[in-house]
Amino acid sequence: MDVAPATIAVACLGLLVFLFLYKQQQKRVAGHVGQLAPNKKGGAPGGKKELQVFTREEVAKHCTRDDAWIIVQDKQTGVHKVYDVTAYVDEHPGGESILNNAGRDSTEGFLGPQHPATVFVLVEDFLVGTLAQQ
């Protein structure tokens, strides 16, 4: 199989551009860590957040661009977790699609193929609590 050196060079350049843009996005996201409501109040000793239990009605009040919470069911434990993603809305690679289910269960969209595996690590920085058992 003959592959022209120019083709290889273009593929390498494309990969480098992708990696550069990905790293830039990661830096912007990392800049938002520590901006969540629990941390603004000091958080728990030792850097751990104090997690609260919320009802669906309480989460539903946080459904705007300036106050966006989502519910995502943990695929390993089955626990419904509540995330305050307000600080991440402007940085979300999918634009405002993150707001499609603000204030509601966003599990289906969150687990979609558009999200890389790293999303599961990233989202933990935005965890504010769990959903009350119903």
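A residue counts as buried when its relative accessible area is under 20%, as exposed when that area is over 50%, and as partly exposed in between (1.4 Å probe, protein chains only). By this criterion, 31% of the 134 residues in the protein chain are buried. The model is predicted; local features need pLDDT of at least 70, side-chain atom pairs count only at pLDDT 80 or more, and totals for chains, interfaces and linings use all residues. Residues are numbered from 1 along each chain as its sequence is written, and side-chain values use heavy atoms, with hydrogens and water left out.

The protein chain holds five helices and five strands. Helices (H or I, at least four residues) and strands (E, at least two) are DSSP runs, numbered from the N terminus. From that end, the elements follow the order α-α-β-α-β-β-β-α-α-β. The protein chain exposes about 8,900 Å², and carbon and sulfur atoms supply 59% of this area. Accessible areas come from the Shrake-Rupley method with a 1.4 Å probe; for residues, only the protein chains shown count as cover. Contact means heavy atoms within 4.5 Å. Of the contacts with a separation of 6 or more, 68% involve residues 24 or more positions apart.

The five strands form an open sheet with mixed pairing, in the order S1-S5-S4-S3-S2. Strands S1 (52-54) and S2 (63-64) stand at the edges, each with a single partner strand, so one side of each has no neighbour in the sheet. Two strands pair if DSSP finds at least two bridges between them. Strands of a sheet pair through backbone hydrogen bonds, either parallel or antiparallel.

Strand S3 (residues 67-73) runs antiparallel to S4, joined by five bridges. Here valine 72 stands opposite lysine 81. S3 and S4 form a hairpin with six residues between them. In the turn, glycine 78 has a positive phi of about 80°. Lysine 81 stands opposite threonine 130 in S5, and valine 82 stands opposite glycine 129.

Serine 106 lies in the loop between S4 and helix H4 (107-110). Its relative accessibility is 10%, so serine 106 counts as buried. Leaving aside residues up to four places away in sequence, serine 106 touches Ile70, Ile71 and Asn101.

The structure holds two aromatic pairs. Rings of Phe, Tyr and Trp (its six-membered ring) pair if their centres lie within 6.5 Å; planes under 30 degrees apart count as stacked, over 60 as edge-to-face and the rest as tilted. The ring centres of phenylalanine 54 and tryptophan 69 are 4.9 Å apart and their planes stand at 70°, so this pair is edge-to-face. The pair links distant parts of the chain, with phenylalanine 54 in strand S1 and tryptophan 69 in strand S3, 15 residues apart. Phenylalanine 54 is buried at 8% relative accessibility, and tryptophan 69 is buried at 9%.

Tyrosine 88 and phenylalanine 126 form a tilted pair, 5.7 Å centre to centre with 50° between the planes. Tyrosine 88 lies in the loop between S4 and H4, and phenylalanine 126 in the loop between helix H5 (119-122) and S5. They are 38 residues apart. Tyrosine 88 is buried, with a relative accessible area of 9%. Phenylalanine 126 is buried at 3% relative accessibility.
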